[in-house]
Structure formats: C-alpha cells, structure tokens
Amino acid sequence: MIGRTEIKPMLAVEGLKAWYGAAQILYDVRFDVRRGEVVALMGRNGAGKSTTMKALMGLVGRREGRVTFNGRDISRLRPYEIARLGLGFTPEDRRIFVDLTVEENLDIGRQPPRRFADAAPAPEWSPERLYKLFPNLGEMPRRLGGRMSGGEQQMLTVARTLMGNPLLVLFDEPSEGVAPVIVEQMANTIIELKKEGLSILLSEQNVHFARLVSDRVYMLEKGQIRWSGTMAELDANSDVQRAYLTV
Amino acid sequence: MTLNAFLFQALNGLSTASGLFFVAAGLSLIFGVTRIVNIAHGSLYMLGTYIAYSFATTYAGAPGFWGGIIATALIVGMFGALIEVVLLRRIYRAPELFQLLATFALVLVINDATLWFWGPQDLLGPRAPGLRDAIPILGRRLPSYDLFLIGIAPIVLLALHFTLAKTRLGRLVRAATQDREMVGALGVNQAMLFTAVFALGSLLAGLGGALQVAREPANLATDLIVIGDAFVVVVVGGMGSITGAYLAAIIIAEVKALCIALGVVDIAGISVNFTKFTLVAEFLVMAVVLIARPYGLLGKPQGAVRSVAEPEDPIRPAKWPLKILAGLTLAVLLALPLLARDEPYLLVLGIDVLIAVIFATSLHFIAGPGGLHSFGHAAYFGLGAYGAALLVKWLAAPMGLALIAAPIVALFGALLFGWFAVRLSGVYLAMLTLAFAQIVWALVFQWEALTGGSNGVVGVWPPPPFDGATVYFLLTLILAVAAVLLLRRLLFAPFGYAMRAGRDSPLRAEAIGIDVKRVHWLAFAIAGCVCGVAGGLFAFAKGSISPETIGVSRSIDGLVMVLLGGIQTLTGPVVGAVAFTTLQDTVMRQTEYWRALLGGIILLLVLAFPMGIAGAFRMFARRASS
C-alpha cells in the first residue's frame with residue numbers, strides 16, 4: 001500500500017512557473033503530496049505560496065510546468081475542470097459570497113461524490129455533516145455570508161470547499177487574521193480531514209500552526225523551493241527557520 | 001389639461017414601461033454575471049418585433065400571434081446564446097472598451113441584416129386576438145392590450161425574482177455576479193453559466209420586442225432608441241438589480257408621459273413646449289441619479305473585477321525612426337497641395353482626415369493614458385462646431401474669432417460634464433458621458449430658435465484667403481500638428497505621469513499626494529477643449545453643421561479610430577484616424593450596407609488585432625530588432 005502511493009503521489013508538481021502580467025512570480029517550483037498526507041508550503045510574505053496554489057487551480061493567467069493530480073495531468077485544464085477532478089481550494093481572502101446565505105454558499109460548492117484512483121470512495125459531505133464539523137455554521141444556516149465574523153467566514157470557506165467532496169484540499173493561510181480559538185479549530189479540522197483520508201496542502205508562515213498538523217514541509221523563497229524535509233527535521237533545524245521564515 | 005387626461009397618460013406610460021423593463025432586466029442580468037454591457041440588446045428587442053411580425057402575419061389568428069410571441073422569445077434567446085458562444089466568449093478578458101465596441105458592432109450588423117431581410121419600411125403587426133377592444137377608463141378608451149402589458153411586467157418581475165432566489169441557476173447567477181472566478185474554482189462551468197444567462201437575458205429582450213408587435217410598428221431605428229432608454233433604466237435602477245430596473249422603467253416612462261401630458265404650458269408669459277423635452281428628460285433623470293447615487297437607486301458598488309486583462313506596457317517617448325517618419329509625413333503633407341493639383345478632392349479628404357486626427361487624439365488622451373472611457377466625445381466636437389457656427393450666424397463674427405471661441409465653448413462644456421464624469425469609473429463613466437452627449441445633442445436638436453433644429457446652421461463659409469482648399473488645408477494642418485504635439489508633450493510632463501498613475505492605481509496615486517479626480521478632471525477638460533478645435537474646423541470646412549453630425553455615431557467613430565490605430569500607443573489615434581476616415585470616404589460610400597461593413601471591421605479589429613495597427617507595427621518592429 002505504502003509502496004504504491006510512494007510511486008504515484010496524489011499531487012506532483014514539476015517545474016511550475018507563473019507570471020502576473022510581465023512579472024514572473026514562480027521559478028521552477030517542484031514538490032509532491034502523497035495520499036493522506038498533510039504538507040506545509042512555508043515561506044515569508046511574497047515568497048509565492050498563494051501564487052503556487054492559484055497556479056495549481058488554474059487561476060493564474062500564465063503558467064508553465066507539469067502538474068499531475070490523482071494520476072491526471074491538470075496543467076492545462078481550466079479551474080472548473082480542475083475542481084471537478086477533486087482538487088478543493090480555500091483561498092486566503094475566503095471569498096465568501098456575501099449576498100448568499102450559509103446554505104446557499106454551501107450549495108454553490110456542491111459536486112457529486114467521487115472516488116480515488118483505486119476506486120476507494122472519497123469522503124462524502126452534506127450540509128448536515130458539515131454542521132456537525134462546524135457547529136457554529138449549523139446555528140445560522142440562513143445568515144448572509146456578509147454578516148458573519150471572520151472566523152465564521154473561514155469555517156464557511158472550508159465547508160463550501162468540502163461540499164465538492166474533494167480528494168485533496170489546498171488551504172491558503174488558514175491561520176491568517178483569525179482569533180486564536182479559530183486557529184485552534186482550523187488545526188483540529190485539518191487533523192479531522194486527514195483522518196478521513198484526505199490529502200492536504202497548506203500554505204503557512206506560522207511554524208507553530210504548521211507543527212500542529214503537518215507531516216512534511218517545503219520551504220519557498222522567491223518563487224523557488226529552497227528546502228524540504230519532515231516537520232521534525234524543520235523543528236530541529238533553527239538555521240532553516242531563520243533563513244526562510246524569521247522576518 | 002384635466003387630471004383625468006393626466007392620469008390617462010400615466011397609464012399609457014406604465015404600458016410603455018413594461019417593454020422597457022424586459023430589455024433592461026435582460027441587460028442588467030447579463031451585465032451582473034458577465035460584466036459585459038451588451039449594446040446589442042436593443043437590437044435583440046428590435047429583432048423580437050420583426051420576428052413576431054412575421055409569425056403573426058404568416059400564421060393567422062391566436063396561434064400565430066400568441067404562439068408567435070413565445071416562439072420569438074425562444075428564437076431570440078437562442079440567438080443570444082449563439083452570440084455569446086461565437087463572439088463574447090473570446091473577449092471576456094479583453095479591456096472593457098473592446099467589449100463595448102464589439103457589441104456595438106453587432107448593432108450595426110444586426111441592423112443591416114434586418115434591413116436586408118425585412119426591407120426598410122415600417123411593419124405594423126395585427127392587433128392581438130382576444131384583446132382587440134378598448135376599455136373606457138378616465139373618460140377615454142385604453143386598449144385592453146395596453147392593460148395586458150401593464151399587468152405582465154410585474155408577473156415577469158416576480159418570476160425572475162423566484163428564479164434568482166430559489167433555483168440553483170439563480171444562486172449561481174448571484175454568486176457569479178460577486179465573484180465569478182471563485183465560482184469556477186468551486187467546479188462550476190462558467191462558460192455554460194454565461195451562455196445560460198446570456199440566453200435568458202436575450203429571451204427577455206426578444207419577449208419585450210415581440211409584445212410590442214400589436215402596439216407599434218417594427219422599425220429599423222428601434223435598436224438605438226431602445227438601448228438608449230434601457231441604459232438609462234439600468235443605470236438609474238442600478239446595474240444588476242432587477243427590481244431597480246422595474247422601478248426605473250416606471251420612473252422614466254412616467255417622466256416622459258408627464259412631458260407629453262403637460263404639452264405646451266405658459267410659464268411667466270413664455271410658452272414652453274414640454275413634449276420637446278422627452279429626449280432631454282430621461283438623460284437629465286439619469287444624470288441626476290448618477291450624481292446623487294452613483295450606483296443607481298438599488299445598485300451596489302461593483303465588486304473589483306478579478307482577473308482583468310494584462311497590464312499595459314508604459315508609453316514611451318518616440319525614438320529616432322518614428323521621429324524621422326513623422327518628419328517625412330509632415331513634409332509630404334506640406335507638399336500635398338502641390339501634389340494634389342490634378343486631384344482637388346485629395347485636399348478635401350486631407351482636411352477631413354486632419355480634423356479626425358484632432359478628434360481621435362483628444363479622445364485617446366483621456367481614454368488611453370487617462371483611462372476615462374468616454375462614450376460621448378462628440379459633445380465637445382458639437383460644442384466647438386456649434387459655438388463657432390452660431391457666432392457666425394448671430395453675431396457675424398469673423399472666422400478667427402469663431403475658431404478661438406470653439407475650443408473655449410468646448411472647454412466650458414468639458415469642465416462642467418467632466419466634473420461629474422470623473423467621479424465615476426468604468427461602465428458608469430461611459431454611460432454618464434454618453435448621457436451628457438445626448439443632452440447636448442437633444443438641446444441642439446430641439447432648441448430650434450437658437451440652433452435651427454434639425455436643419456442645422458448653414459452658410460458658415462471661411463472668408464478669403466481661407467475659402468480655397470489649399471489654404472484651409474494648411475490651416476487645418478498647422479492646428480492638427482499643434483494639437484498632437486501639445487497633447488503628446490502633456491503626457492510626458494509631470495501632469496501626464498500623474499494622470500497615468502491615477503489610471504493605473506488610484507489609491508497609490510492618492511497616497512503619494514496626487515489629487516486623482518482633479519488631475520482627471522483637468523485632463524477631461526483639456527481633451528474637450530482640443531476636441532472643440534476639431535469641431536470649429538469642421539463647421540467651416542463643411543460650411544454647415546447639423547445635429548446628425550454630432551450624434552452618438554461620431555462618439556463611436558472616435559473610439560473605433562482610437563482602437564483601430566491602437567489605444568496603447570501614442571501614434572495609434574493618428575494612424576487610426578487616417579485609416580478610418582479614408583476607409584469611410586472610399587469603401588463605405590460605395591455600399592448600402594456600410595453599417596454591416598463597419599461592424600465587420602470593428603469585430604475583426606477586436607478579435608484579431610486588439611493592439612491596433614500601430615500596436616501591430618510596434619510588435620513587428622520589436623520582433624525584428626530582437
């Protein structure tokens with residue numbers, strides 16, 4: 001089992017480059033995420049973490065390189081096609097539909113159930129199940145997205161992505177700008193999703209948060225991967241932390 | 001006038017409002033989701049009337065009429081979907097200006113196609129089976145079909161509300177109106193959604209047009225009249241708000257009905273004919289609403305549109321090859337009177353071209369580096385032309401004085417209109433500038449005592465020695481060169497940098513101490529002033545000026561020139577003006593279907609050469625040198 005997933009990672013990225021207009025942001029980013037793994041993409045502000053995630057989702061105007069997801073090349077697909085293959089995305093700025101209620105936001109994310117490449121069924125989500133995972137949301141199904149607190153919106157973003165029954169979720173800075181209690185809840189959620197068998201790619205600049213949930217770490221600087229290792233290796237290596245994270 | 005007659009006009013207004021509401025609701029839906037202002041929406045309405053006419057006259061009785069109306073709505077809806085798939089899908093990432101022009105090109109093509117298929121005469125359909133009688137109301141007889149129209153609008157409003165609130169399509173539409181990119185990232189096929197919305201919006205326009213078949217004749221001028229009204233309705237009601245569109249349709253229709261009902265009224269001894277204010281009235285309402293509530297009665301500020309077009313390259317000062325080329329061109333132009341001795345028409349064409357160069361360059365100044373997409377640049381052309389012509393007509397002013405007055409009149413107009421316009425941006429700015437231009441046009445058209453109305457002002461000939469084509473050509477040449485060099489100089493002065501900074505990033509420009517609105521206001525005024533020179537020269541070149549030469553089509557021509565040449569280069573408007581004017585003068589005069597031809601050129605331009613002629617040359621030059 002382990003041997004097979006070692007050969008075919010859930011998400012494999014090779015030579016990913018991306019541009020905003022004439023400005024190149026990513027130079028040759030390469031990494032992989034295996035099935036059931038939580039991987040943290042770390043680096044300072046402006047290192048290219050968010051751009052990497054957007055490029056994976058097809059949301060960057062110009063991108064090059066090879067991205068394989070669940071055995072399929074997705075580097076030339078459009079965002080909706082990528083999402084329909086089971087790649088979920090929770091953006092950093094949440095992008096909740098403010099004129100829609102919680103229920104309606106969830107409905108926008110709804111997709112049919114799907115299976116992994118080996119035909120094992122992926123975890124399936126319904127609003128009821130998500131309300132159990134996020135009890136706050138269950139208390140306000142009719143609340144408009146624009147009338148929720150930052151933390152509630154963060155939960156709704158995650159729940160909305162899960163409605164698509166993804167195989168792998170891209171979490172862009174889930175601990176950014178929310179109260180400590182929400183940060184803790186996000187960590188618990190990620191651990192919960194991992195138990196369900198999902199793979200997770202997390203972008204993060206906070207070592208404490210990454211430590212709570214991640215198996216492995218890639219360190220990004222100026223649009224390139226500079227270091228990679230297990231979470232334990234990063235913990236033991238204060239040089240790397242100082243070089244790529246400390247401001 | 002009695003109260004009853006007044007109320008009767010109000011009822012009449014309500015039945016007009018329903019047709020307006022259908023078009024406006026469709027326009028609003030489409031804009032909300034796709035961010036495209038479909039200028040061809042009035043054309044879809046017009047097609048609706050023509051197709052319904054054909055159904056009603058081909059198949060007699062109720063099935064032909066009522067079945068025809070439903071079939072028409074479906075056909076127009078499918079036609080809309082076709083337009084979306086074939087054309088609009090390719091330009092969602094293009095700059096806003098291109099999208100507006102592309103849909104305007106559709107107006108031209110559809111109009112000529114209609115002319116070709118149905119012919120130029122007005123076609124009045126049969127009266128509605130089952131609703132042929134009239135009902136006595138308020139001492140008069142109101143056709144029961146009008147009552148039916150009054151009733152059907154709220155029904156459609158409720159149906160649309162239900163669709164938006166309770167169906168998945170409606171939820172998707174509302175979500176995509178806010179953030180279509182995120183909707184895509186959640187697995188929704190945007191292309192399908194856009195096509196569906198476009199089809200629905202077109203169906204509404206087709207329905208609105210089809211329902212008119214028993215009320216008004218199908219007419220080739222309907223497209224622009226309806227789209228003008230629909231714009232006003234959508235902007236007044238708020239882009240994207242269906243209820244706002246209904247409210248605004250009623251307000252506009254009632255204001256017009258009020259003007260008609262008032263008729264001629266004596267105010268303080270002066271008799272004022274209010275029926276002549278119908279054209280001005282709706283644009284005044286719109287201007288007032290935009291100034292007081294910039295996003296309309298029930299609208300919200302547009303969310304920042306994500307994933308827009310690629311940022312523009314900065315403009316650069318001319319290099320040696322271009323300067324040499326410009327010098328050579330100037331030398332040829334100076335020698336043109338000698339070269340054209342056997343071809344006197346060449347000089348007349350030359351004057352037209354040079355006037356177009358001034359017009360296009362001044363428009364480019366605000367539309368390109370300024371980022372203010374004015375759809376009403378003809379206003380300042382008109383103010384200049386009429387300013388000069390009226391001075392000659394009423395005060396017998398000499399040409400020199402009239403030509404000095406032209407830019408001054410235009411400057412004051414631009415200062416006034418610009419003050420309001422620069423407070424808006426994007427589509428709203430385009431619509432407000434269009435509204436101002438329509439106000440100028442309507443004033444000129446309807447203030448007969450001063451302007452001569454539709455006859456215009458005649459006998460504005462230049463005195464000797466300017467009455468010969470050669471001398472007048474040289475005068476025009478001097479003024480055109482001066483205008484182009486002045487505007488160019490301004491762009492590379494600190495003022496020009498501030499203007500471009502304000503376009504590219506208003507917030508950052510403000511943060512470094514630039515008063516962006518003020519800079520843009522001044523730029524707008526300068527552009528208007530220079531444009532006034534073109535207007536003045538035009539009046540003397542033609543010897544006359546009439547309302548039709550300062551209408552919407554001149555504003556659009558200007559935009560086509562700018563885009564044809566290339567909006568991202570400074571030589572673009574000059575090249576575009578030359579190419580467009582020559583083309584108009586030669587090819588378009590040869591054919592009855594010049595609209596379709598012009599529309600085809602615009603579409604080709606937008607789809608194949610979005611960088612314009614000068615932009616394409618620059619690209620080739622760069623490739624060759626690298």
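**Strands of chain A and helices of chain B**

Reader: How many bridges join strand S1 (residues 11-20) of chain A to S2(A)?

Author: This is a predicted model, in which local features need pLDDT of at least 70, side-chain atom pairs count only at pLDDT 80 or more, and totals for chains, interfaces and linings use all residues. Residues are numbered from 1 along each chain as its sequence is written, with chains lettered from A and ligands numbered from 1 in written order. Strands are DSSP runs (E, at least two residues) numbered from the N terminus, and two of them pair if DSSP finds at least two bridges between them. S1(A) and S2(A) run antiparallel, and the number of bridges joining them is seven.

Reader: Which residue of S2(A) is the bridge partner of A:Leu16?

Author: S1 covers residues 11-20 of chain A and is joined to S2(A). Across this pairing, the partner of A:Leu16 is A:Val29.

Reader: Which strands of chain A stand at the edges of the sheet?

Author: The sheet is open, and its four strands pair antiparallel in the order S2-S1-S4-S5. Each edge strand has a single partner, so one of its sides lacks a neighbour in the sheet. The edge strands are S2 (23-33) and S5 (72-73).

Reader: How far apart are the end C-alpha atoms of helix H4 of chain B?

Author: Helices are DSSP runs of H or I with at least four residues. The expected span is 1.5 Å times one less than the number of residues, so the 23 residues of H4(B) (96-118) should span 33 Å. The distance between the end C-alpha atoms agrees: 33 Å.

Reader: Which residue just after H4(B) takes a positive phi?

Author: H4(B) covers residues 96-118. The residue just after it, with a phi of about 85°, is B:Gly119.
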